[in-house]
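Student: I'm new to this one. Can you walk me through it?

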Amino acid sequence: DIPIACEMVDVCELLRRGRDLFLPVAEDKGISLELEAPGSGLAVRGDTARLQRCISNLLDNALKFTGPGGRVVVSARGFSDRVEIAVEDTGRGIDPDDLPNIFKRFYRSDRSRSTPGSGLGLSLVDSIVRAHHGRIAVKSAPGEGAVFTVSLPRAS
C-alpha cells in the first residue's frame, strides 16, 4: 500500500498545473492540450503530490499515443459525492484484448513496445487512485482514442 498524506486538494488547480507542465510537450508534438474545469470548488482529501503524479502519468500517456494534429482534453466535474477527472485523447486507442491488462504492473501491449516506457505508469495510477478510495475506468477502441476517468470521493 502507498502511504498518503491527507489534505484538502483543489482538483481544478491540480489539473491546471498538469496542463501547464505538459503544454510545451503538446505544442512540440502539434497536439492541442485543453482544460475543461470550473474555476474552483472541486476538492478531494488526499495527497497532492501523489494525485499530481496520477494526472501527470495520464497526460504523459495521452500525449505519447496521440499524433500531430490530435487533441488531449483534461476535465473535471463535480457530483454530490464525488469528483470525476477525465483525460481524453484522439490517439490510436487501445486494443480490446489489452484493456483488461493495462493496469497490471509491467504490462505493455504489443503496439506500445516500440514506445519508451516501463509498463508501470497505469499500474501506479491505479494504486494511487485506490489509495484515495477512488476508481479508475477506461473507454477506448482502436483508432478512436481513449478516455481515462478517475472518480474520487468529494471532500465535504
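Tutor: We'll go through a few strands, then some ring contacts. Keep in mind that this is a predicted model.

Student: Which residue in β5 is the bridge partner of R77?

Tutor: E84.

Student: What stands opposite E84 in β7?

Tutor: S151. β7 spans residues 146-153, and its pairing with β5 is antiparallel over 8 bridges.

Student: Where do side chains point in a strand?

Tutor: In a regular strand they alternate between the two faces of the sheet.

Student: New topic. How many aromatic pairs are there in the whole structure?

Tutor: The search finds 1. The pair is F103 with F148, arranged edge-to-face. Their centres are 6.3 Å apart, with 85° between the planes.

Student: Where do those two sit in the chain?

Tutor: In distant parts, 45 residues apart. F103 is in the loop between β5 and α3, while F148 is in strand β7.

Student: Is F148 buried or exposed?

Tutor: Buried, because its relative accessible area is 8% and the cut-off is under 20%.

Student: Last one. What lies over the face of F79?

Tutor: R82 does, at 4.0 Å from the ring centre.

Technical notes. Residues numbered from 1 in each chain as written. Predicted model: local features only at pLDDT ≥ 70, side-chain atom pairs only at ≥ 80, totals over all residues. Heavy atoms only, no water. Pairing = 2+ DSSP bridges. Helix = DSSP H or I, 4+ residues; strand = E, 2+ residues; numbered from the N terminus. Phe/Tyr/Trp six-rings, centres within 6.5 Å; stacked < 30°, edge-to-face > 60°. Buried < 20%, exposed > 50% of the residue type's maximum accessible area, 1.4 Å probe, protein only. Lys NZ or Arg CZ within 6 Å of the ring centre and 35° of its normal.
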